[in-house]
Amino acid sequence: TIMSHQNYGLISIDTGYFVPLQRIDVQVSINGLIASVTSELHYVSDKDENTETVFVFPLDLDAAVYEFEAEIDGKTIVAEVQEKSQAKETYQDAVASGYTAVYMSEADNAGDIFRLKLGNLPAKAAARLTLRYVQEVDVSSDKIGTFMLPRALNPRYVPKCSSQNSPSDASFRIHTIQSGVTYCPDFTMNLNAVIAGGTRMVDLTTKWEFDVLAEKMDEMISSSKQLDNGIDFSIVLHYKGFEQPRVVLETGSADKNNPFLSTDVLMVNFSPNFENLENQVPCEFVIIIDCSGSMMGSRMEKAKETLLLILKSLPVNCKFNIIRFGSGFSSLFLESSKYDENSLKVAMQLQKNLQADMGGTEILKPLENVFKNRLSGCHSRQIFLLTDGAVYNVPELVQLVRKQKNTRVFTFGMGDVCSTELIRDVAKAGNGKATFVKDSDRLQSKVIKSLLCILYNVMTSKAGFA
């Protein structure tokens, strides 16, 4: 196995040299459930020759980049949207002709990493790279929204047998290392946020918290701060008065030279109420817990505490099992066991002795093992996946989960730099919910809120389980 690690920044493709980053300025504007973000990154090359570079930038999985420009020694390059193969050809032709050019695309194996190639960066040049993107705010069932500003990339685990899923581009290969330490360059990062309808604000080291009132959306509250390096930063929004359906209209641009943004967009938000459901569908609960080496320390302790809360919250008359995984996997029971005093005692003993001692992070095999076992009777299956995992075969995992019937998958991302793509995409494919447990979070309240959603009665239809 190898650990493929993404150092982020502006990096020489040939030598791995890091162009010095001086400053990042981030402007976040949140209106209701939509966040608009502008990130400006200021670099200064100290090389005596032109350099072809790759810019690796962590973004939230749900972010949609709609504009990019590069200002290099006073000259501005504005990107335009092209079909992928055409864009690559345009870039290669420009670089071969001696021009400074940029080419940006989403990483094929990691939806929460964006790459940008900047060819022929002039010697001793100053470069300002500007990204503009939008994303939905992630809102939980208790009407708490979270906007995450990713600041670090976790190592991505690649099994030797999965070479077909490994990155092949040179801009990825130059960052393959054996260490699991996240690279945090020394730079200044300034954040300014404007919140529509914001009132009360709490300023903490790794997050801001705002109360957002629906009746005050015409009023704005703003705040600024300089962020510490290497730690993801959150803006937490406590929504009040948003129970009624809301409509947001964003008019298109009248600029004929920018047809990409010319269309009007209408967004409708509503929250269905399922409180009066009375169906009682028997469930099988399978807890899949990451015991790889990267879980060592506080993450394993939080995973053990999460497992304990789950075990004590399971309903009567259910079946359950626990699967530990790393490079391999091991099941507590040969098949899911009835939840009773004896089986709970065995599970509690396992929970007490869990350790991060099972090697790498190979999630696919334990999931395949669960899904190959057919459900008994009219049971539905609920899966809890606890991991800090950042792996390169996320699309394969998502495809596997999406094919399952009578199954929901709920994910718990452990730690500050777990992959948002893995945690959110797998939960979405499994009709479940994603929960992020940060290193500084108060675990119990966050997990219990998720369990209240997970342990609700399962909805059924004439076609089967939803």
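Val394, Leu397, Val398, Val401 and Arg402 in helix H6 touch Glu421, Leu422, Asp425, Val426 and Ala429 in helix H7, where contact means heavy atoms within 4.5 Å. The residues of this H6–H7 contact split into seven nonpolar, no polar and three charged. (Ala, Val, Leu, Ile, Met, Phe, Trp, Tyr, Cys and Pro count as nonpolar, Asp, Glu, Lys and Arg as charged, and the others, Gly among them, as polar.) Keep in mind that this is a predicted model, in which local features need pLDDT of at least 70 and side-chain atom pairs count only at pLDDT 80 or more, while totals for chains, interfaces and linings use all residues. Residues are numbered from 1 along each chain as its sequence is written, and side-chain values use heavy atoms, with hydrogens and water left out.

**The overall picture**

- The protein's secondary structure comes to eight helices and 30 strands; helices (H or I, at least four residues) and strands (E, at least two) are DSSP runs, numbered from the N terminus.
- Of the 466 residues in the protein, 50% are buried. Buried means under 20% relative accessible area, exposed over 50%, and partly exposed in between, with a 1.4 Å probe and protein chains only.
- Take the contacts between residues at least 6 apart in sequence: 74% of them join residues at least 24 apart.

- H6 and H7 pack with their axes 8 Å apart, at an angle of about 20 degrees. Axes here are lines fitted to C-alpha atoms, for helices over the stretch in contact, and angles run from 0 to 180 degrees between N-to-C directions.
- H6 and H7 are therefore roughly parallel to each other. The cut-offs: under 35 degrees is roughly parallel, over 145 roughly antiparallel, 65 to 115 roughly perpendicular, and the rest oblique.
- The crossing of H6 past H7 is right-handed, a label used if the near helix is turned clockwise from the far one by less than a right angle, with anticlockwise being left-handed.
- Eight of the 10 residues of H7 (residues 420-429) are buried, so this helix is largely enclosed by the rest of the structure. Among them are Thr420, Glu421 and Arg424, as well as Leu422, Ile423 and Val426.
- Just after H7, asparagine 431 takes a positive phi of about 55 degrees.
- H6 (residues 394-402) also has helix H5 (residues 364-372) alongside: their axes come within 11 Å and cross at roughly 10 degrees. H5 and H6 are therefore roughly parallel to each other too.
- On the H5 side, Leu364, Leu367, Glu368 and Phe371 meet Glu396, Leu397, Leu400 and Val401 of H6. That contact comes out as six nonpolar residues, no polar and two charged.

**The seven-strand sheet**

- Seven strands make an open sheet with mixed pairing, in the order E7-E6-E10-E4-E3-E15-E18. Two strands pair if DSSP finds at least two bridges between them.
- Strands E7 (75-78) and E18 (220-227) sit at the edges with a single partner strand each, so one side of each has no neighbour in the sheet.
- From one strand to the next, the twist averages 15 degrees.
- Inside this sheet, E3 (residues 21-31) and E4 (residues 34-44) pair in the antiparallel sense over 10 bridges, with leucine 21 opposite tyrosine 43 in E4.

**The five-strand sheet**

- Another open sheet, also mixed in its pairing, has five strands in the order E11-E12-E19-E17-E16.
- Its edge strands are E11 (138-139) and E16 (198-203), and each pairs on one side only.
- E12 (residues 144-149) and E19 (residues 233-240) are antiparallel partners over six bridges; isoleucine 144 has histidine 238 in E19 as its bridge partner.

**Strands E20 and E21**

- E20 pairs with E21 (residues 265-269) in the antiparallel sense over five bridges, and valine 248 stands opposite methionine 267 in E21.

**Two loop residues to look at**

- Threonine 251, in the loop between E20 and E21, counts as exposed at 57% relative accessibility. Its C-alpha atom is separated by 9.1 Å from that of leucine 261, 10 residues apart along the chain.
- Valine 391, in the loop between strand E26 (380-387) and H6, is buried, with a relative accessible area of 1%. The C-alpha atoms of valine 391 and cysteine 418 are separated by 9.8 Å, with the two residues 27 apart along the chain.
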